[in-house]
Amino acid sequence: MHTGSELEEIWIQESPQSMSNLIEVRNLTLTVPTSKGRASVVENLTFSIQQGEKLGLVGESGSGKSLTAYSLMRLIKAPVRIESGEILINGVDVLKLTEEEFRKYRGSEIAMIYQDPMSALNPIMKIGDQIIESILLHKKISKKEALKIAIALLESVGIPEPEERVHSYPFEMSGGMLQRVVIAIALSGEPKVLIADEATTALDVTTQERVLNLLNRLAEERNLSVLLITHDLGVAAQFSDRINVMYGGRLVEQGRTRDVFTLPQHPYTRALLDSRCDYTVDVNKPIRSIAGQPPRPDNRPSGCVFAPRCEHVEAACISSIPELRDIDDRAVACIRAEELKSVKN
Amino acid sequence: MPSTIIKVQNLSRAFKGSGGSVLALDSISISLQEGKTLAVVGESGSGKTTAARLILGLDKPTAGSISVLGQEITDFGPSQMRPLRREIQVVQQDPFSQLNRRHTVRRIIEGPMLAFKVGDRKSREKRVIELIEAVGLQQEHLTRKPHELSGGQCQRVAIARALALDPKILILDEAVSALDVSVRAQVLNLLKKLQKERGLTYLFITHDLGVAHYMADEIVVMFRGRIVERGTREEVFQMPRHHYTAGLLASVPVANFSTDKIVQKISQDVIVQATPDKTDACAYRSRCQFGRDKKDCSERALTETMASATHGWICHFPIER
Amino acid sequence: MSICLLCPWIAPYDPYEIGASEPFLGPSRSNWFGTDDLGRDLLSRILYGGRITILVALAATVIALVIGTAWGLAAGVRRGWLDEALMRTADATMAIPQVLFGLVCISAVGASVISLPIVVGVLLSPTTARMARSAVVTELSSQYVVAAQASGFTRTRLIWSEVMPNIAPQLLVQLSINAAAAVMLEATLSFIGLGIQPPNASWGTLMLQGYAKIWNTYWFVTFPALAVTITILAFNAYGERIRRNLDSRKSTINE
């Protein structure tokens, strides 16, 4: 997503590493079958991931954020279908590749880690072997050499005594450690982008902090791009440089995390931030919640997908779908974005 | 003068494991006043769920005592516990699996009334309607089954069920943890409203400090079966004395760029996975930056220090204030 | 497949004619399936025999269900040493070859329309028991059970009104599997002469009678065998259909 040149300047100052669009998603639409025919669960999604950047993708259930991640890895299975759009990795539209051709991308260009490390690992295989298995998928080297790399990887993800740990089984390790092992496996192919889908949600808060610190360090050391998908606003705020807010399958706001969270412009982003419950919230007032429910696929609103629940809704909001447009330092999908800037919720 | 509605003293629960017995709860004491909310904060392995089950009478302790509404339930069997069940109910974490997937919402809410054979068909139906509306849902939801509802709606049904017998105490075991941010707000508002209207007492078990802060009058922080710190909301959040509490507060990511974090960020980047030493006097020693190498922390037994009537902790080298 | 199951009941009962036609006739227009050594119409004998086979099979299945469920529930609810004892017994029972076991039992009590379902039912109950036990154990660890306990449900009431509805679909599937097995067992036992005795005939008995003369009068054996096979397949298919319905109902379209 190209933003103002002013912003580009700031980015270049902040990060000396090269800035290039590693991944570009253009007008991605995914559908599912419903009683009323196929309906969108992700609609016209457009965003990009730069090299070395930490991008947050925030949304609640039904926002389509996980499906987006799966699309990037081409792991979408029936009944969900990629209806239209392009996903460009290094300029190549990977949606047009065959499975064979794309397989080279998985692991070596783009890798993914998930919420539950326990189910991502083979319970009857030593973790060292699992890492080696992954390394050998991408490199033609001997097992001995792969073992050395595996130990090095374990060390880089902060696991103490890696030479011993290589021989451990998953059940011998805690959740936080396992997630680190999963990260090690993901890194074994030396990908340029790591997608973390709710990767810290199942972890204790102290472990979560450590894992996020690890991801941060890895991003910096290896110029690795991280797409962090989460419903936890705090995690997104702390970790990501830029943020995408999704609702009902659409991207509603996009910009630098600090900007979006300090001065949210889309009514959904504002409502979402208002409904937070962290220890800075005033305990004597009820928390401002959003009335209603997120849209079900078989019942998508016409026009703006947030209109039925929006405080500032107008006739024009229902008649046409607002497109993502650039305003100041970010992109917002709301026709009333400018006028609402001064209005308090 | 509000009465003590739950009193737990030196409660312990040991489980027989492969490597000997494990103390899930190590001599904890809690006192909950009528109409108030006590938050039990802890991560996995802290023993908070074990404590909830014991207080609910669904498990027997290996040591210590529990009294609920003036009755000593420590040695109660199922039939003795039964009458008390009308007064103390539970709302659990998973919105869907805590409701019987084969039953309609109506039958779910009616459940407790059927268990105690309360009233007749007509009066029960009336009560069900009263309850469903009290939790913000409509009568049309009564004929649905859990899988036809959203997570937030299911949780509301669970709350309605918990209120069916007009209990005095509600135990909320991670009741909002599985909900989306905006839905969580709705349910927390609902819980607060119900508490005010009906004078309920809440035991709120959570790992989420933000939720604990919002809901609770008093907080108890648990770590490996022990209460490491207790106090009012202000005391715990603004003046934590135990290193674990401070570490927890520092770890919580907050999406608020305008305020400085209330607690100074204490570097927690100690050993990733220190294997806890069961012989340590302080269970937190192996993770503690301060106590790691101190002899006292591994050998000298801990006793609770109270700074005020409400604020207490167990630590040999608490944070200076 | 349902047609096949219902056939012996619905199809008009041809009278149990003996000696109505020439013996050993091949399939012809007057006797669709031919005749047996006493000139009895084979088709009607098969239909009549089917009634017996299926009756015995269903009776055995119900018996297996009742015994097996009680067995499994007792073990799963009580746990502890009772659980161990009951399940080891189940394992032991399953380890014995079924036909052999049936053979021994029938020899002891004598073959009849009463003893056969009971013996077959007992033979089939261990599998049901194991299934019932694991189902009950899974359900008992669910949050809705904790909620019901906290709501004041007594244990019996809990099992009956909360847990059973959730186990029922799996038991139903087990029912159809057992039915298929029961048909097979009954046919086998009758075939070796320890099942239904003449002049009553089940499919197994018919096969026994026809077996000796298989080369000349092929139809004698073939048709009953075919009937057995189709029925077994029908029961299995039925069970498969139930299982698929079960699965689709449980999973909702979540993200």
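Trainee: Why does B:Glu174 count as partly exposed?

Mentor: B:Glu174 has 19 C-beta neighbours inside 10 Å. Buried needs 20 or more, and exposed needs 12 or fewer. The value lies in between, so partly exposed is the label. Bear in mind that this is a predicted model.

Trainee: Where is B:Glu174 placed?

Mentor: B:Glu174 is in the loop between β7 (169–173) and α6 of chain B.

Trainee: What makes the phi of B:Glu174 worth a remark?

Mentor: Most residues other than glycine have a negative phi. B:Glu174 is not a glycine, yet its phi is positive, about 55°.

Trainee: How do you know whether B:Arg224 is buried or exposed?

Mentor: Count the neighbours. B:Arg224 has 22 other C-beta atoms within 10 Å. The cut-off for buried is 20 or more, so B:Arg224 is buried.

Trainee: Now chain A. Why does A:Ala307 count as buried?

Mentor: A:Ala307 has 21 C-beta neighbours inside 10 Å.

Trainee: Which residues is A:Ala307 in contact with, leaving aside its neighbours within four places in sequence?

Mentor: A:Pro301, A:Val313, A:Cys317 and A:Ile318. A contact needs C-beta atoms within 7 Å. A:Ser168 is another matter: A:Ala307 and A:Ser168 are 139 residues apart in sequence and 52 Å apart in space, C-alpha to C-alpha.

Trainee: What kind of peptide bond runs from A:Ala78 to A:Pro79?

Mentor: It is cis, with omega near 5°. Most peptide bonds are trans. A:Pro79 is found in the loop between α2 (65–72) and β4 (81–89) of chain A.

Trainee: How do you know that the end-to-end length of α5 in chain A agrees with a helix?

Mentor: Helix α5 (residues 127–138) of chain A has 12 residues. At 1.5 Å a residue they should span 16 Å, and the end C-alpha atoms are 18 Å apart, which agrees.

Trainee: Which residues of α5(A) are buried?

Mentor: A:Ile127, A:Gly128, A:Gln130, A:Ile131, A:Ile132, A:Ser134 and A:Ile135. Their cover includes α6 (143–156), α7 (162–165) and α8 (175–187) of chain A.

Trainee: Why are β2 and β5 of chain A said to stand at the edges?

Mentor: Start with the sheet. It is open, has four strands in the order β2-β1-β4-β5 (chain A), and pairs antiparallel. β2 (37–50) and β5 (92–93) each have a single partner strand, so one side of each is left without a neighbour in the sheet.

Trainee: How many bridges link β1(A) and β2(A)?

Mentor: 10, in the antiparallel sense, with β1 covering residues 21–34. Two bridges are enough for strands to count as paired, so this pair qualifies. A:Thr31 stands opposite A:Ser40 in β2(A).

Trainee: On to chain C. What makes the length of α4 a match for a helix?

Mentor: Helix α4 (residues 98–109) of chain C has 12 residues, which should span 16 Å; the end C-alpha atoms are 16 Å apart, in agreement. After α4(C) comes C:Gly110, with a positive phi near 85°.

Trainee: How do α6(C) and α7(C) cross?

Mentor: The axes of α6 (residues 143–150) and α7 (residues 155–191) of chain C come within 11 Å and cross at roughly 145°. The crossing is right-handed. C:Tyr144, C:Val145, C:Ala148 and C:Gln149 in α6(C) meet C:Leu158, C:Glu162 and C:Val163 in α7(C). By class, that contact has five nonpolar, one polar and one charged residues.

Trainee: How many residues of chain B are in contact with chain A?

Mentor: 35 residues of chain B, against 38 residues of chain A. On the chain B side, α6(B) gives the largest share, eight residues. By class, that side has 16 nonpolar, 15 polar and four charged residues.

Key
Residues numbered from 1 in each chain as written. Chains lettered and ligands numbered in written order. Predicted model: local features only at pLDDT ≥ 70, side-chain atom pairs only at ≥ 80, totals over all residues. Contact = placed C-beta atoms within 7 Å. Nonpolar A, V, L, I, M, F, W, Y, C, P; charged D, E, K, R; others polar. Axes fitted to C-alpha atoms, helices over the stretch in contact; angles between N-to-C directions. Left-handed = near helix turned anticlockwise from the far one by under 90°. Expected span 1.5 Å × (residues − 1).
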